Amino acid sequence: MIFVAGVSSSGKTYMLRRLAERRPDIVVISGSQTLSSLGRPLRALTPEEALGNQWVLLAKLSARDLLAEARAILDGHAIIETTAGPMAIPETWYDAANFAGFVQVEAEPKTLAERRSSRGLPWTEREAGELQTLERRELLRHSTRLGRPYLAVRSDEVEVVEAWVDRVVSSPAADAGGH
């Protein structure tokens, strides 16, 4: 499984929908939709709720044998906004997930702030930029720590992601089951 992350309003879900339309062999799993279907809270989360959500999500993916699926993609977040501020997902979660690679979907901070504000969630350009930087640092850190490939893209770069996924899936490490 490949982990695709980006701050809210970065365009990652839009990009992954377009990728799935182009490539029916790729399975895209929305972390938020999965959690919602399980009755989990998604807004105004305490750090404990946010962490609980991540482990529930991982258990659901594991039960469906999706973590080992090379052409599966999880649409999620490396940083979760909580009532106590931004929270990084712990290393133990990434270790348990054993992702084959990491993709960061980014947008200009001004665009992020405008998109989010249009949905009634006020956000300054500075806040958007800071959260996106935190998200990038976390994904890069885990990519480096775990020795997994990393890609940063804009949401309109579907073809780039498609080619990258094909390379990651066809790599000798992925063939051996070790990602």
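I count two strands as paired if DSSP finds at least two bridges between them. Helices (H or I, at least four residues) and strands (E, at least two) are DSSP runs, which I number from the N terminus.

**Ground rules.** This is a predicted model, so I noted its limits: local features need pLDDT of at least 70, side-chain atom pairs count only at pLDDT 80 or more, and totals for chains, interfaces and linings use all residues. Residues are numbered from 1 along each chain as its sequence is written, and side-chain values use heavy atoms, with hydrogens and water left out.

**Entry: β1 and its partners.** I looked up where Ile-2 pairs. Its bridge partner in β6 is Gly-101. β1 and β6 run parallel and share 4 bridges. I then turned to β3. β1 (residues 2-5) pairs with β3 (residues 72-76), again parallel, over 4 bridges. Within that pairing, Val-4 has Asp-75 of β3 as its bridge partner.

**Entry: the whole sheet.** I traced the strand order as β2-β3-β1-β6-β7. The sheet is open, has 5 strands and pairs in parallel. Neighbouring strands are turned by 25 degrees against each other on average, direction ignored. For such angles, axes are lines fitted to C-alpha atoms, for helices over the stretch in contact; angles run from 0 to 180 degrees between N-to-C directions. A reminder to myself: strands of a sheet pair through backbone hydrogen bonds, either parallel or antiparallel.

Entry: Glu-106 has Arg-154 of β7 as its bridge partner. Val-105 stands opposite Val-153 in β7.

Next I checked burial (buried is under 20% relative accessible area, exposed over 50%, partly exposed in between; 1.4 Å probe, protein chains only). In β6, 6 of its 6 residues are buried. Gly-101, Val-103 and Val-105 point one way, and Phe-102, Gln-104 and Glu-106 point the other. β7 reads otherwise: Leu-151 and Val-153 form a covered face, while Tyr-150, Ala-152 and Arg-154 form an uncovered one.

**Entry: Leu-35.** I located Leu-35 in helix α2 (residues 31-37). Leu-35 has a relative accessible area of 5%, so I class it as buried. I then listed its contacts (heavy atoms within 4.5 Å). Leaving aside neighbours within four places in sequence, Leu-35 touches Arg-40, Leu-42, Asn-53, Val-56 and Leu-57. I also took its C-alpha distance to Ala-78: 16 Å, across 43 residues of sequence.

**Entry: positive phi outside glycine.** Ala-44 has phi near 50 degrees, a positive value in a residue other than glycine. I placed Ala-44 in the loop between α2 and α3 (47-63). Its relative accessible area is 66%, so Ala-44 is exposed. Asp-65 also qualifies, with phi near 55 degrees. Asp-65 lies in the loop between α3 and β3. At 60% relative accessible area, Asp-65 is exposed.

**Entry: α6.** I tested the length of α6 (residues 125-146). The expected span is 1.5 Å times one less than the number of residues. For the 22 residues of α6 that gives 32 Å, and the end C-alpha atoms are 32 Å apart, which agrees. Its buried residues include Ala-128, Leu-131, Gln-132, Glu-135, Glu-138, Leu-139 and His-142. An α-helix has 3.6 residues a turn, so residues three or four places apart point the same way. After α6 comes Gly-147, with a positive phi near 70 degrees.

**Entry: Arg-167.** I found Arg-167 in helix α7 (residues 158-170). With 53% relative accessibility, Arg-167 counts as exposed. Its C-alpha lies 10.0 Å from that of Pro-149, 18 residues away in sequence.

**Entry: the chain overall.** I counted 8 helices and 7 strands. The C-alpha trace spans about 45 × 35 × 30 Å along its principal axes. Of the 179 residues, 45% are buried. Among contacts with a separation of 6 or more, 75% join residues 24 or more positions apart.
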